[in-house]
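Colleague: Before I use these labels, I want to know what each one rests on. Please take me through them one at a time.

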Amino acid sequence: MTATLSTTHSNKKLALFPSLKGQHVFITGGGTGIGAAMVTAFAEQGAQVAFVDVAQADSAQLATTIAANGYLKPWWRVCDVRDVAALQQAIEAAMKELGDFSTLVNNVARDDRHTLESVTPEYWDERMAVNQRPAFFAIQAIAPSMRRLKGGSVINLGSTGWQTKGGTYPCYAIAKSSVNGLTRGLAESLGADRIRINTVSPGWVMTERQINMWLNAEGEEAIKRNQCLPDKLQPSDIANMVLFLAADDGAMCTAQEFKVDAGWN
Ligand SMILES: NC(=O)c1ccc[n+]([C@@H]2O[C@H](COP(=O)([O-])OP(=O)(O)OC[C@H]3O[C@@H](n4cnc5c(N)ncnc54)[C@H](O)[C@@H]3O)[C@@H](O)[C@H]2O)c1
């Protein structure tokens with residue numbers, strides 16, 4: 001082991017899922033934050049991960065660190081998911097190189113702040129293009145792959161932010177609330193081919209972006225007041241739930257929302 005994987009919980013004894021070894025997993029927005037924790041967690045389970053992101057330097061560093069730690073090097077491409085054709089081409093390219101994918105994690109999002117008054121139709125479309133549209137078209141591109149494998153798992157990252165009436169990002173809230181609709185709306189048709197689809201909704205997770213941009217004294221107080229558990233949520237806490245849903249252990253879970261929010265909701 002030459003470098004430490006920053007997202008690993010060193011003090012927790014976590015499960016190994018034998019069914020994840022050798023699985024092919026595609027993750028959107030895997031270069032930093034919760035996405036990077038999931039890329040790392042799947043690699044630690046012996047899975048072959050592919051991911052897309054716009055953050056070139058962070059993505060390259062992540063893939064190098066994972067390989068240096070002795071795990072399968074993630075396949076990755078710079079891809080702006082607002083371009084649906086580019087996203088679908090990246091999925092096709094990954095499948096051509098690695099083979100079929102049994103797990104898809106729709107993770108990419110941007111929680112930029114805005115007000116009701118400031119939103120133009122162009123801004124609205126851009127918010128949906130990053131926070132809502134990519135998940136549907138990623139599923140469309142990858143479902144045939146899962147059908148060939150006679151099953152699969154789609155995990156859509158939702159949010160508890162809109163459920164707690166977080167008021168500083170209405171377009172993000174609207175897009176994130178639709179993740180449950182995506183999961184519920186596709187569960188029956190995908191389920192016929194043993195493709196499971198679930199939502200994982202994080203509470204307030206301490207990614208670098210959250211700490212740098214939004215966490216302040218008021219936020220610290222809100223965490224203390226609202227969470228049942230005293231510890232702050234880490235990206236790896238979300239990854240742990242996603243691993244379970246991707247593994248055979250989650251075999252009969254579909255069409256559900258799983259909250260990982262330390263009891264805030
Ligand atoms: N962090 C939280 O507290 C929190 C809370 C609730 C829900 N979530 C959800 O969890 C998921 C991950 O959130 P996060 O906090 O890790 O986000 P983040 O902003 O830290 O990371 C998102 C990743 O997506 C990439 N990305 C952004 N725009 C892109 C684009 N157009 N094309 C390709 N890649 C792009 C970024 O470079 C980054 O690597 C999201 O779906 C988010 O809505 C997060």
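Colleague: Why is Ala-262 called buried?

Modeller: A residue is buried if 20 or more other C-beta atoms lie within 10 Å of its own, exposed if 12 or fewer, and partly exposed in between, with C-beta atoms placed from the backbone. Ala-262 has 20 C-beta neighbours inside 10 Å, so it counts as buried. Ala-262 sits in the segment after strand 7. Its phi is near 55°, a positive value in a residue other than glycine.

Colleague: What is the basis of the model and its numbering?

Modeller: This is a predicted model: local features need pLDDT of at least 70, side-chain atom pairs count only at pLDDT 80 or more, and totals for chains, interfaces and linings use all residues. Residues are numbered from 1 along each chain as its sequence is written.

Colleague: What makes Lys-165 exposed?

Modeller: Lys-165 has 7 other C-beta atoms within 10 Å, so it is exposed. It lies in the loop between strand 5 and helix 6. Phi of Lys-165 is near 65°, a positive value in a residue other than glycine.

Colleague: Tyr-169 lies in the loop between strand 5 and helix 6. Is Tyr-169 buried or exposed, and why?

Modeller: Tyr-169 has 21 other C-beta atoms within 10 Å, so it is buried.

Colleague: Which residues is Tyr-169 in contact with, leaving aside its neighbours within four places in sequence?

Modeller: Contact means that two C-beta atoms, placed from the backbone, lie within 7 Å. By that test Tyr-169 is in contact with Asp-111, Asp-112, Arg-113 and His-114, its neighbours within four places in sequence left aside. His-114 is 55 residues from Tyr-169 in sequence, yet the two are 5.4 Å apart in space, C-alpha to C-alpha.

Colleague: Why does Ala-55 count as partly exposed?

Modeller: Ala-55 has 17 C-beta neighbours inside 10 Å, so it counts as partly exposed. It is found in the loop between strand 2 and helix 2 (56-68). Not counting residues up to four places away in sequence, Ala-55 touches Gly-31 and Thr-32. Ala-55 and Val-78 are 23 residues apart in sequence and 7.2 Å apart in space, C-alpha to C-alpha.

Colleague: How many helices and strands does the protein have?

Modeller: Helices (H or I, at least four residues) and strands (E, at least two) are DSSP runs, numbered from the N terminus. The protein has nine helices and seven strands.

Colleague: Why is the protein called as compact as a globular protein of that length?

Modeller: The radius of gyration is taken over C-alpha atoms, and the globule rule is 2.2 Å times the number of residues to the power 0.38. The protein comes to 18 Å, close to the 18 Å that the rule gives for 265 residues, so it is as compact as a globular protein of that length. Buried residues make up 44% of the 265.

Colleague: What order do the strands take in the sheet?

Modeller: Strands pair if DSSP finds at least two bridges between them. Seven strands form an open sheet in the order 3-2-1-4-5-6-7, with parallel pairing. What makes strand 3 (75-78) and strand 7 (257-260) edge strands is that each pairs on one side only.

Colleague: How many bridges join strand 5 to strand 6?

Modeller: Six bridges join strand 5 (residues 152-157) to strand 6 (residues 195-202), and the two run parallel. Gly-152 has Ile-195 as its bridge partner in strand 6.

Colleague: And what links strand 4 to its partners?

Modeller: Three bridges join strand 1 to strand 4 in parallel, with Ile-27 partnered by Val-105 in strand 4. Strand 4 and strand 5 pair in the parallel sense over four bridges. Leu-104 stands opposite Val-154 in strand 5. Thr-103 and Val-105 point one way from strand 4, Leu-104 and Asn-106 the other way, and all are buried.

Colleague: Which residues come nearest to the ligand?

Modeller: A residue is near a molecule or strand if its C-beta atom, placed from the backbone, lies within 6 Å of it. Of the 29 residues around the ligand, Gly-29, Gly-33, Ile-34, Ala-109 and Leu-157 come nearest. Helix 1 gives the largest share of the shell, three residues.
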